[in-house]
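Let's take a quick look at charged pairs and a greasy bit of surface. Have the structure open as you read.

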Amino acid sequence: MYTPRLAVKEDMPQVWQLIKELAVFEKEPEAVEISPSDLVEHGFGDHPEFVCFVIEDDERIFGMALVYPRYSTWKGKALHLEDLIVSENYRGQGYGTLLLDAVVKYGSDLGVNRISWEVLDWNEDAIVFYESKGAKVMRDWDVVQLNKEAITNYIDRL
C-alpha cells in the first residue's frame, strides 16, 4: 500500500495529467484551462493558493487531492476539497480513502469547522464513497459559477 504525501513543484505535470483525466471522466475534456506551470505558480509561490496531496507507485503519481482554505459565515474556518482523483486502474483499492484521510487530518490540524466539496449527481460511486465516510451529500443545493467570460460581461455592464 502506498501512502499520500505533500506534492512538490516537480509533481505538477503529473497532477495536471490527473486533472485532465478527471475532466475526461466528467465529460468535459476541453474544460481544463490551466497548465502545469500555472499549478507551480499558484501552489508554490510566496502565497500558495492550494495544498496538494499525491499518492504514487514506483512509476507515477496515480492519485491526488487538492484543497484550499475558505471561510464560512456560518461555521468559520473551512477547507474546500477541489478535486480528489484516483486513476481508473487504481480505484477500489483504498487509495481514495487514504487521500481523503490526508485531507481530513490536514483540515483537523488547521482547526477547520467544515470540509466541503462538490460531487456530480450522476457519480453514484463517489456519492456512496463519500457517504460511507460520514459526509452529507446536500442534493438540494445547486452550484453557481461565473466563468471568465461571464465575469468580463458582468464588469462591462457595471
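## Arginine 5 and its partners

Arginine 5 sits partly exposed, with a relative accessible area of 27%. Keep in mind that this is a predicted model. Arginine 5 pairs up with glutamate 56 in a salt bridge, the closest N and O atoms being 2.8 Å apart. Since arginine 5 belongs to strand 1 (residues 5–6) and glutamate 56 to strand 2 (residues 51–56), the pair ties together parts that are 51 residues apart in sequence. Glutamate 56 is partly exposed too, at a relative accessible area of 30%.

Arginine 5 also forms a salt bridge with aspartate 11, and here the closest N and O atoms are 2.7 Å apart. Aspartate 11 has 7% relative accessibility, so it counts as buried, the cut-off being under 20%.

## The network as a whole

How many salt bridges does the structure hold? Two.

## A nonpolar patch

Now for the greasy bit. Leu146, Ile151, Tyr154, Ile155 and Leu158 make a nonpolar surface patch of about 540 Å².

Tyrosine 154, one of the residues in that patch, lies in helix 5, which covers residues 148–156. Tyrosine 154 is partly exposed, with a relative accessible area of 43%.

Terms used
Residues are numbered from 1 along each chain as its sequence is written. This is a predicted model: local features need pLDDT of at least 70, side-chain atom pairs count only at pLDDT 80 or more; totals for chains, interfaces and linings use all residues. Side-chain values use heavy atoms; hydrogens and water are left out. A salt bridge is a side-chain nitrogen of Lys or Arg within 4 Å of a carboxyl oxygen of Asp or Glu. Buried means under 20% relative accessible area, exposed over 50%, partly exposed in between (1.4 Å probe, protein chains only). Helices (H or I, at least four residues) and strands (E, at least two) are DSSP runs, numbered from the N terminus. Patches are made of residues with over 30% relative accessible area and no salt bridge: like charges are joined within 9 Å, nonpolar side chains (Val, Leu, Ile, Met, Phe, Trp, Tyr) within 5 Å. Accessible areas come from the Shrake-Rupley method with a 1.4 Å probe; for residues, only the protein chains shown count as cover.
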